[in-house]
Amino acid sequence: MMNSPKACVDVAINAYGKPYQTAVTLLTLMKHSHQWINKIYFVEEAKQPEPPNFKFIFDHFGDKIVYYKPNVWLWTKNVKFDFLLNFKRYRHAVRYQYAWEKSDQKYLLVIHNDVYFKSDLVGEYVNGIGDASGIGSIGQCWVCPAREAGLCDSERYTEYKPDYQELMQLAAKHPQARTGEYKLVVDRAAPWPLPECRLNEYVAMIDLEKTRNDTMPVGKGAAFGAYDRLDVGVKWFADMNNAGHRFKHFNYDPYATHSWISLQNAGHNALFDKDLYRHEESVALQVLKDEFNIVP
């Protein structure tokens, strides 16, 4: 049974370019799930691929938006020296960290700025999370040797716990796109969760009340948005699981589409391909006009 809608969710979105896709992301989200949402923490990355044009978004949403622009641009780099994380100026440049620390709601919905929401995914998350510490799509299983070998998947990630040797043998037997990096990133003392395992941050919801005390700057766990080990959120996911937290896999495909224009499931590519970037933005602009009657 659905809980009756009550605002209990803050949204964290980091924008590096893509103003029109960013607008479509937030407009489709609010169209279907506005009843759950308190504030939208909009972080404009310190560096942009072009002069930013986000003002029309801020004008549209008004005081729903909490705007922040960090001084430092980390992008997909990690903070080189951990002591810098003691300083807010650096710490708040870590993806989603500003919203993580500022939110006063129970849940934080973390989204990419190239998602098209088709129905009320937030309601499904709020009603489906139960006693888990987070909900969303678990694992980049499509590049994981354990999935290739039929030993693990998103639903069973807590059941397969190989030691370091077994994991390395598995990676050698079933090589995937990033298995060559495993020697550099796998913690020998704690090889589980597996290197590709995370709560995928394209569209994920985290229980802040449960996880905040175990996550920096309060606890020992890595920042959720830290680009540590193989990808964003991998180290945090490992730290949380090893601290006793559990996460719920939810296939959000019927409710939302990530990278909805080119369907590459990696909006990253458009940032390196100017033609693709312009194409995606032109499609999003048309959606803004046709579906929302907004002309930036």
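This note goes through helix α7, the residue that caps it, and the largest cavity of the model.

1. The model is predicted, so local features need pLDDT of at least 70 and side-chain atom pairs count only at pLDDT 80 or more, while totals for chains, interfaces and linings use all residues. Residues are numbered from 1 along each chain as its sequence is written, and side-chain values use heavy atoms, with hydrogens and water left out.

2. Helix α7 covers residues 164-173, and in it Tyr164, Leu167, Met168, Leu170 and Ala171 are buried (buried means under 20% relative accessible area, exposed over 50%, partly exposed in between, with a 1.4 Å probe and protein chains only; helices are DSSP runs of H or I with at least four residues, numbered from the N terminus). Seen down the axis of α7, these buried residues fall within an arc of 160 degrees, taken from the directions from the helix axis to the C-beta atoms, so they line one face of the helix. On the other side of α7, Gln169, Ala172 and Lys173 are exposed.

3. Aspartate 163, in the loop between α6 and α7, caps the N-terminal end of α7, with a side-chain oxygen 3.3 Å from the backbone nitrogen of glutamine 165. Aspartate 163 counts as partly exposed because its relative accessibility is 46%. The C-alpha atoms of aspartate 163 and proline 191 are separated by 6.3 Å, although these residues are 28 residues apart along the chain.

4. By class, the lining of the largest cavity has seven nonpolar, three polar and three charged residues (Ala, Val, Leu, Ile, Met, Phe, Trp, Tyr, Cys and Pro count as nonpolar, Asp, Glu, Lys and Arg as charged, and the others, Gly among them, as polar; a cavity is a set of points on a 1 Å grid over the protein atoms alone where a 1.4 Å probe fits but cannot get out, and lining residues have an atom within 4 Å of a point).

Key: 1 Å grid on protein atoms, 1.4 Å probe; cavity = no way out; pocket = protein on both sides within 12 Å on 5 of 7 lines; lining within 4 Å. Points joined across faces, edges and corners; volume = space filled by probe spheres on them. Helix = DSSP H or I, 4+ residues; strand = E, 2+ residues; numbered from the N terminus. Polar contact = N/O pair within 3.5 Å; in protein donor to acceptor, adjacent residues only side chain to side chain.
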